[in-house]
Amino acid sequence: RMSERAYSGDRHASTSLPALAWRPLQDLMDTTDPSKICGANENQSRLAKDADYATSVLKAWREDVSSRDHASEQSIGTDFVYHESKDGVDLYGYLVAPSSFLEGKSPSEMKTQSSPAIILFHTGAGPQDIFLRWKADMLVRELNCIV
């Protein structure tokens with residue numbers, strides 16, 4: 001069960017899930033210049049090793065979405081950092097959820113909301129990879145869960 005709180009920012013502050021910087025994964029899938037996701041900057045992690053890889057994955061992702069029989073709900077995603085106070089290790093990840101997960105919900109409603117969750121572990125390419133965003137999007141669309 002996903003709790004209403006996600007830990008982000010400094011070690012002593014927590015941020016509620018609705019307050020995180022959620023963005024539609026459709027925006028990433030619709031990237032017209034794949035080279036822009038091949039380099040890291042202060043606003044984005046490196047998501048692909050090179051433009052050819054990014055182009056291939058984006059093309060397969062678009063084909064996968066267009067081949068579905070039904071119009072599924074769009075996914076939203078956000079960077080996520082969990083600060084573990086016992087050993088001081090920060091865990092970095094990316095949350096993906098159905099867009100309805102946040103729509104019209106107050107923080108108190110979020111506390112009582114129960115949603116199935118799936119944890120994906122990163123590949124050898126690293127934790128922030130375009131392929132994992134595609135697979136997380138497909139799981140969310142098909143299972144209405146949080147990844």
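**Terms and values**

Guide: The axes of helix H2 (residues 51-66) and H4 cross at roughly 10° and come within 9 Å of each other. This is a predicted model, in which local features need pLDDT of at least 70 and side-chain atom pairs count only at pLDDT 80 or more, while totals for chains, interfaces and linings use all residues. Residues are numbered from 1 along each chain as its sequence is written, and side-chain values use heavy atoms, with hydrogens and water left out.

Visitor: Why are H2 and H4 called roughly parallel to each other?

Guide: Axes are lines fitted to C-alpha atoms, for helices over the stretch in contact, and angles between N-to-C directions run from 0 to 180 degrees. Angles under 35 degrees count as roughly parallel, over 145 as roughly antiparallel, 65 to 115 as roughly perpendicular and the rest as oblique. The crossing angle is roughly 10°, and H2 and H4 are therefore roughly parallel.

Visitor: Which residues in H2 meet which in H4, and how many of them are nonpolar, polar or charged?

Guide: Contact means heavy atoms within 4.5 Å. Tyr53, Val57, Leu58, Ala60, Trp61, Asp64 and Val65 of H2 meet Ile130, Phe131, Arg133, Trp134, Asp137, Met138 and Arg141 of H4. Ala, Val, Leu, Ile, Met, Phe, Trp, Tyr, Cys and Pro count as nonpolar, Asp, Glu, Lys and Arg as charged, and the others, Gly among them, as polar. By class, this contact has ten nonpolar, four charged and no polar residues.

Visitor: What makes Gln44 partly exposed?

Guide: Buried means under 20% relative accessible area, exposed over 50%, and partly exposed in between (1.4 Å probe, protein chains only). Gln44 has 26% and is therefore partly exposed. Its place is in the loop between H1 and H2, where Ser35 is also found. Ser35, with a relative accessible area of 40%, is likewise partly exposed. Of the 147 residues of the protein chain, 39% count as buried.

Visitor: What makes a set of residues a nonpolar core, and which members touch the most others in the largest one?

Guide: The term denotes a set of buried Ala, Val, Leu, Ile, Met, Phe, Trp, Tyr and Cys residues joined through side-chain atoms within 4.5 Å. The largest such core has 20 residues, of which Leu28, Ile37, Ala48, Trp61, Val96 and Ile130 touch the most other members. Helix H1 (25-29), H2, E5 and H4 each supply at least two residues, and the largest share, five residues, comes from H4. Apart from it lies another core, of ten residues, among them Leu17, Leu20, Ile76 and Phe101.

Visitor: What is the order of the strands in the open sheet?

Guide: The order of its three strands is E3-E4-E5, with antiparallel pairing. Strand E3 (23-24) and strand E5 (90-98) are the edge strands, each pairing on one side only. Helix H4 (residues 130-143) packs on the sheet, touching E4 and E5, and its direction makes about 45° with that of E5.

Definitions and conventions:
Two strands pair if DSSP finds at least two bridges between them. Helices (H or I, at least four residues) and strands (E, at least two) are DSSP runs, numbered from the N terminus.
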